[in-house]
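Reader: I'd like to go through this one label by label and hear what stands behind each. Can we do that?

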Amino acid sequence: MRLKAIYILLAFSSAGFILVWASSPIITDYEIIEEKALSNQNDDDFNTMMNVLTHQRCVNCHPNDHIPKQGDDSHPHYFDMARGEDDHGFEATNCNTCHQSENNMNSGVPGAPHWALAPASMAWEGLTRTELAERLLDKTTNGNRSHAALVKHMTEDELVLWAWEPGVDADGDPRTLPPVSKEDFKNAVENWFANGAVIPVK
C-alpha cells in the first residue's frame, strides 16, 4: 500500500513538473526574437542612411572619375572642371572661384564651407550599398576616421548638411532634397554606429 502511494505521488509530481515546464518561457525564444528585432532595426537604420548617401546630392561630389557631377541627372560639371591635385580643381578653375561658403540664390551656384570634391578614395559613384558601407568604414578610404569621427562628420559637417539646403539651380528652381529628412538621417547614422555599424547580409 505504501509503495502504491509512492507511485501515485511520483506520478503527480511528474505531471506537475511537466505543466510548470510547459508554461515556463523559453529563454532562447526571447533571445531569438530580440536578435531579430535588433537586426531589423539595424537594417532600417542602414537603409535610411544609404537612401541619402546614394542620392545625387551626395554622389555628385563622390565621383568615380575625378569629374564632379551636377544636377539630378548627374551630368559632368560644366567648364570641364576636374579634381586637381587637392580636390579643389586647378589654379585657374579652382572650386572656390565660384563656390563660396553659402548658396548664391541669384546665380544658382551652390555653396557651403570648404566646398570641394570628396577625396578619390571616397568615390561612391556606381557602388552598391554594401560596397559603399565597406568603403565608408575602411580607415584607408575614409580619411582615417574612427566610428565616432564618422558620426560627427556625417551629422555635423556643414558641407554634408548642405544636402538639405541645396538652394536653387541656374533656372531658379529648387534643387531636389534627399528622400530622408535631416533629422531622420542623423538618427539613423547615430543608431547604426551605436549598434556596431553592422552591414546587412544579403
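Reader: Why does Thr141 count as buried?

Author: Bear in mind that this is a predicted model. Thr141 has a relative accessibility of 16%, and buried means under 20%, so Thr141 gets the label.

Reader: Where does Thr141 lie, and what is it in contact with?

Author: Thr141 lies in the loop between helix 5 (129-137) and helix 6 (147-156). Setting aside neighbours within four places in sequence, Thr141 is in contact with Ser121, Met122 and Arg135. The side chain of Thr141 also reaches the backbone oxygen of Arg135, at 2.7 Å. The cut-off for a polar contact is 3.5 Å.

Reader: What makes Arg57 and Asp72 a salt bridge?

Author: Their side chains meet at 3.4 Å, N to O, and the limit is 4 Å. The pair links distant parts of the chain, 15 residues apart: Arg57 sits in helix 3 (residues 56-59), while Asp72 is in the loop between strand 1 (69-70) and strand 2 (75-76).

Reader: Are Arg57 and Asp72 buried or exposed, or partly exposed?

Author: Arg57 has a relative accessible area of 7%, so it is buried. Asp72 comes out at 47%; exposed means over 50% and buried under 20%, so Asp72 is partly exposed.

Reader: Why would such side chains pair up at all?

Author: Side chains of opposite charge can pair when their charged atoms come close.

Reader: Why is His75 called partly exposed?

Author: His75 has 22% relative accessibility, and buried would need under 20%, so it counts as partly exposed. His75 is in strand 2 and touches Pro68, Lys69 and Gln70, not counting residues up to four places away in sequence.

Reader: How do you know that the side chain of His75 makes a polar contact with the side chain of Asp73?

Author: The two side chains come to 2.7 Å, and the cut-off is 3.5 Å between N or O atoms.

Reader: What makes up the lining of the largest pocket?

Author: By class, 17 nonpolar, 13 polar and 6 charged residues. The largest pocket holds about 780 Å³ of space. Of its 36 lining residues, the closest to the centre are Gln70, His77, His99, Pro110 and Arg175. Helix 4 gives the largest share, 3 residues.

Reader: Which helix gives the most to the second largest pocket?

Author: That's helix 6, with 3 residues. The second largest pocket has a volume of about 520 Å³.

Note on methods: Residues numbered from 1 in each chain as written. Predicted model: local features only at pLDDT ≥ 70, side-chain atom pairs only at ≥ 80, totals over all residues. Heavy atoms only, no water. Helix = DSSP H or I, 4+ residues; strand = E, 2+ residues; numbered from the N terminus. Buried < 20%, exposed > 50% of the residue type's maximum accessible area, 1.4 Å probe, protein only. Polar contact = N/O pair within 3.5 Å; in protein donor to acceptor, adjacent residues only side chain to side chain. Contact = heavy atoms within 4.5 Å. 1 Å grid on protein atoms, 1.4 Å probe; cavity = no way out; pocket = protein on both sides within 12 Å on 5 of 7 lines; lining within 4 Å. Points joined across faces, edges and corners; volume = space filled by probe spheres on them. Nonpolar A, V, L, I, M, F, W, Y, C, P; charged D, E, K, R; others polar.
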